[in-house]
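Please look over the sequence and the structure below before turning to the notes.

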Amino acid sequence: MFLLFIPAPFIYFQMKMLRERIKWVRIADSEDEIRARINGRDIHVFEVGMRHYAAAIRPNGELVVFRDRCPHQGYSFKGGVCVEDDRLVCPIHRYSFDCEKGQGAGLAVLIYLLKETEEGLMAGRKVMSLF
């Protein structure tokens, strides 16, 4: 059996080198394009490249875009709704997640940051990177 010993200062140095950054991906021409596909409080599911996204309109009128996989058992949010208390509800087992941070009952769904640029509507997520 081979044991690898890594000194604690080395690990600390590596952790200090990691930086949080936001990785942006273009998901539509504009926010209006996605809003037009959403029917009332229903969750709209769409694909960009190999990634699956879901979108809904919050009770306050804001657009929320999130990963189209319920963290409970990996089912799609297609057929789910965004309810009045600002929660996203999975259609399979009725798990619900906060629209702001994605928190649910011990689980969380990834909520993307949104910004509109000249290139279109961009979805961003925080990642840790050395560069």
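The sulfur of Cys99 is 3.7 Å from the closest cysteine sulfur, which belongs to Cys82, and that is too far for a bond, since a disulfide is counted as a pair of cysteine sulfur atoms within 2.5 Å. This is a predicted model, in which local features need pLDDT of at least 70 and side-chain atom pairs count only at pLDDT 80 or more, while totals for chains, interfaces and linings use all residues. Residues are numbered from 1 along each chain as its sequence is written, and side-chain values use heavy atoms, with hydrogens and water left out.

**Cysteines**
- A disulfide is a covalent bond between the sulfur atoms of two cysteines.
- By the distance rule the count comes to 0 disulfides, and Cys90 is accordingly in none, the nearest cysteine sulfur being that of Cys70 at 3.8 Å.
- Cys99 is buried, with a relative accessible area of 2%, where buried means under 20%, exposed over 50% and partly exposed in between (1.4 Å probe, protein chains only).
- Cys90 is likewise buried, with a relative accessible area of 2%.

**Backbone angles in two loops**
- Most residues other than glycine have a negative phi.
- Asp86, although not a glycine, has a positive phi of about 65°; Asp86 lies in the loop between strand E5 (81–83) and strand E6 (87–89), and counts as buried at 17% relative accessibility.
- Arg94 is also not a glycine and has a positive phi of about 65°; Arg94 sits in the loop between E6 and strand E7 (96–98), and at 54% relative accessibility counts as exposed.
- The strands named here are DSSP runs (E, at least two residues), numbered from the N terminus.

**A residue in strand E3**
- Ala56 belongs to strand E3 (residues 51–57) and is buried, with a relative accessible area of 0%.
- Ala56 and His44 are 12 residues apart in sequence, and their C-alpha atoms are 6.3 Å apart in space.

**Surface charge**
- Arg21, Lys23, Arg51 and Arg67 gather in a patch of positive charge on the surface, a patch being made of residues with over 30% relative accessible area and no salt bridge, with like charges joined within 9 Å.
- A salt bridge here is a side-chain nitrogen of Lys or Arg within 4 Å of a carboxyl oxygen of Asp or Glu, and the place of a charge is taken as NZ of Lys or CZ of Arg.
- Lys23 is found in strand E1 (residues 19–28) and is partly exposed, with a relative accessible area of 35%.

Methods: Patches are made of residues with over 30% relative accessible area and no salt bridge: like charges are joined within 9 Å, nonpolar side chains (Val, Leu, Ile, Met, Phe, Trp, Tyr) within 5 Å. Accessible areas come from the Shrake-Rupley method with a 1.4 Å probe; for residues, only the protein chains shown count as cover. Lys and Arg count as positive and Asp and Glu as negative; His and the chain ends are not counted. Helices (H or I, at least four residues) and strands (E, at least two) are DSSP runs, numbered from the N terminus.
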